[in-house]
Amino acid sequence: MYPVVADLGKKKSTYTIIDVARLTRHQKQPHLLIEAFSRIADKFPQWHLEFWGSEPDGKKVYTRELQNLIETKKLNDKITLCGNTNDVLSKYVNADIIVLPSAYEGFGLALAEGMSAGLPGVGFKSCMGVNELIEDGRTGYLVGEGAEELAGGLSRLMENQDLRVKMGKAAHEAMKQYSPEKIWGTWEKILSLAVEGKKIIM
């Protein structure tokens with residue numbers, strides 16, 4: 001759990017959607033988020049989209065495709081491929097919504113981190129890992145496949161600051177289950193039961 005959270009009730013000149021992930025086409029699917037944002041960018045002129053992360057192994061092929069897509073949509077001033085950062089917490093607390101448009105996940109660590117910093121989340125309901133972190137309608141939105149559905153989920157949060165505040169607080173509370181104290185306590189219980197040869201039921 002982070003010691004600070006985003007101030008979602010603050011009135012700002014610009015608001016930020018953040019995606020923290022490697023830039024990979026088939027798993028993380030950032031191109032779908034660009035497509036989704038392009039559908040609603042005109043409706044929400046105060047909003048910007050930031051991608052934090054890079055293409056694996058230093059490759060730039062897909063990165064260039066993403067940049068070309070941004071330019072084709074004429075959204076250079078609204079969407080930024082920011083690269084890597086050593087201070088991800090500052091990115092979370094200065095954002096307003098976290099999105100993870102992945103096709104599949106093990107555990108959506110960046111999503112959990114963003115939600116623990118008080119951000120409501122948006123992702124695909126079909127994505128394991130994401131659908132275990134976001135409680136639809138309470139800590140964010142789980143949406144159907146594709147850019148259109150993703151745009152719809154984003155719009156509901158972008159147009160309602162009070163809703164973002166409410167869901168952000170709920171997200172922060174929900175992520176407490178993954179705090180170090182909870183996790184280490186669970187591991188200690190499992191190890192103790194294993195040493196004693198008892199059946200482990202969690």
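The structure is a predicted model, in which local features need pLDDT of at least 70, side-chain atom pairs count only at pLDDT 80 or more, and totals for chains, interfaces and linings use all residues. Residues are numbered from 1 along each chain as its sequence is written, and side-chain values use heavy atoms, with hydrogens and water left out.

Strand β1 spans residues 15-20; helices (H or I, at least four residues) and strands (E, at least two) are DSSP runs, numbered from the N terminus. Of its 6 residues, 6 are buried, so β1 is largely enclosed by the rest of the structure. Here buried means under 20% relative accessible area, exposed means over 50%, and partly exposed lies in between, for a 1.4 Å probe and protein chains only. In a regular strand the side chains alternate between the two faces of the sheet. In β1 both faces are covered: Y15, I17 and D19 are buried on one side, and T16, I18 and V20 on the other.

Two strands count as paired if DSSP finds at least two bridges between them. Strand β2 (residues 47-52) runs parallel to β1 and is joined to it by 6 bridges; within this pairing, T16 stands opposite H48. Strand β4 (residues 97-100) also pairs with β1 in the parallel sense, over 2 bridges, and I98 in β4 is the bridge partner of I18. Together with helix α1 (residues 30-40), β1 and β2 form a right-handed β-α-β unit. Right-handed means that, with the strands pointing away from the viewer, the path from the first strand over the helix to the second runs clockwise.

The whole structure holds 9 salt bridges, each defined as a side-chain nitrogen of Lys or Arg within 4 Å of a carboxyl oxygen of Asp or Glu. One of them joins D96 and K12, at 2.9 Å from N to O. This pair connects distant parts of the chain, 84 residues apart: D96 lies in the loop between α3 (88-93) and β4, and K12 in the segment before β1. D96 counts as buried because its relative accessibility is 0%, whereas K12, at 21%, is partly exposed.

A further salt bridge links E65 and R25, at 2.3 Å from N to O. E65 belongs to helix α2 (residues 61-72), while R25 sits in the loop between β1 and α1, 40 residues apart. E65 is partly exposed at 35%, and R25 is partly exposed at 34%.
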